[in-house]
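Please read the points in order, with the structure in view.

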Amino acid sequence: MPVFDYDPPERFVAGALGQPGARVFFLQARAEGRLTTVALEKLQVAALAGRLDELLDEVLRLSGGTAQVPALAPADLADDAPLETPVAEDFRVGTMALTWDAEKSQVVIEAQEVIDEDDLDRPDPAVLRVRISAGAARAFTQRALQIVAAGRPPCPLCGQPLDAAGHVCVRLNGYRGGEAAS
């Protein structure tokens with residue numbers, strides 16, 4: 001099982017390529033001349049960002065405010081640069097896990113490769129393991145949520161993503177948004 005271990009990475013970000021509605025989402029970790037890029041779904045990026053924030057808030061709460069966990073992303077850790085190219089997918093993410101290492105005051109993120117039913121004879125899936133500070137985790141979360149929100153705008157009636165031509169809105173009984181008002 002290949003394990004891509006970054007402790008800590010020089011850079012760890014979420015990003016997307018493509019046009020809204022047809023974007024492909026990635027996590028990238030870089031350190032010491034190595035770059036690992038894994039593909040995942042938009043919902044996985046959103047879930048990872050949400051769970052990271054929840055984990056850090058819980059660590060802060062349980063410590064009574066004494067843990068070295070910033071409430072917000074430190075401005076000096078913001079990373080708005082694009083994904084590093086060439087974007088070459090090392091594997092597609094299936095499951096993810098988060099843990100808090102209290103001894104090192106770090107978040108540990110593991111993204112495990114999804115194994116197709118055709119590949120069941122493979123011994124173990126690949127894993128991307130990243131250890132980052134609480135501040136870096138807050139910065140990752142901030143960027144990830146911006147990437148997710150940069151997609152198609154939601155329908156004001158049903159919340160589903162709008163295409164350039166509208167969409168079939170369940171709240172309009174199957175009419176396309178914009179057609180019902182005509």
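1. Start with Arg138. Its relative accessible area is 4%, so Arg138 is buried. The cut-off for buried is under 20%. Keep in mind that this is a predicted model. Arg138 sits in helix H2.

2. Which residue forms a salt bridge with Arg138? Asp57 does, with the closest N and O atoms 2.7 Å apart. Asp57 has 40% relative accessibility, so Asp57 counts as partly exposed. The partners belong to two helices: Arg138 to H2 and Asp57 to H1. They are 81 residues apart in sequence, so the pair ties together separate parts of the chain.

3. The side chain of Arg138 also reaches backbone. One of its polar atoms lies 2.7 Å from the backbone oxygen of Pro70. Beyond four places in sequence, Arg138 touches a set of residues that includes Asp53, Leu56, Val69, Ala71, Leu72, Ala73 and Pro74. For a sense of distance, take Glu10, which is 128 residues from Arg138 along the chain. The C-alpha atoms of Glu10 and Arg138 are separated by 15 Å.

4. Next, the charged pairs in general. Side chains of opposite charge can pair when their charged atoms come close. The model holds 14 salt bridges. One of them joins the side chains of Arg11 and Asp79, at 2.5 Å from N to O. Arg11 is in strand E2, while Asp79 is in the loop between helix H1 (42–62) and strand E5 (91–101). These parts are 68 residues apart in sequence, so the pair ties them together.

5. Glu84 is at 22% relative accessibility, so it counts as partly exposed.

6. These bridges belong to a wider set. Salt bridges with shared partners join Glu10, Arg11, Arg30, Asp79, Glu84 and Arg143 into one network.

7. Arg131 has 18% relative accessibility, so it counts as buried. Its side chain makes a polar contact of 2.9 Å with the side chain of Asp101. Another polar contact, of 3.5 Å, joins the side chains of Arg131 and Gln106. Leaving aside neighbours within four places in sequence, the contacts of Arg131 also include Tyr6, Asp7, Pro8, Pro9, Lys104, Val107 and Val108.

8. The largest pocket holds about 360 Å³ of space. Its lining has 20 residues, and the closest to the centre are Phe12, Leu77, Asp79, Ala136 and Ala139.

9. Strand E2 (11–17), strand E7 (127–133) and helix H2 (134–149) each supply at least two residues. The lining divides into 10 nonpolar, 4 polar and 6 charged residues.

10. Finish with the second largest pocket. Its volume is about 180 Å³. Among the residues that line it are Gly21, Arg23, Phe25, Glu41, Lys42, Arg92, Arg152 and Pro161. This lining divides into 5 nonpolar, 2 polar and 5 charged residues.

Notes:
Residues numbered from 1 in each chain as written. Predicted model: local features only at pLDDT ≥ 70, side-chain atom pairs only at ≥ 80, totals over all residues. Heavy atoms only, no water. 1 Å grid on protein atoms, 1.4 Å probe; cavity = no way out; pocket = protein on both sides within 12 Å on 5 of 7 lines; lining within 4 Å. Points joined across faces, edges and corners; volume = space filled by probe spheres on them. Helix = DSSP H or I, 4+ residues; strand = E, 2+ residues; numbered from the N terminus. Nonpolar A, V, L, I, M, F, W, Y, C, P; charged D, E, K, R; others polar. Buried < 20%, exposed > 50% of the residue type's maximum accessible area, 1.4 Å probe, protein only. Polar contact = N/O pair within 3.5 Å; in protein donor to acceptor, adjacent residues only side chain to side chain. Contact = heavy atoms within 4.5 Å. Salt bridge = Lys/Arg side-chain N within 4 Å of Asp/Glu carboxyl O.
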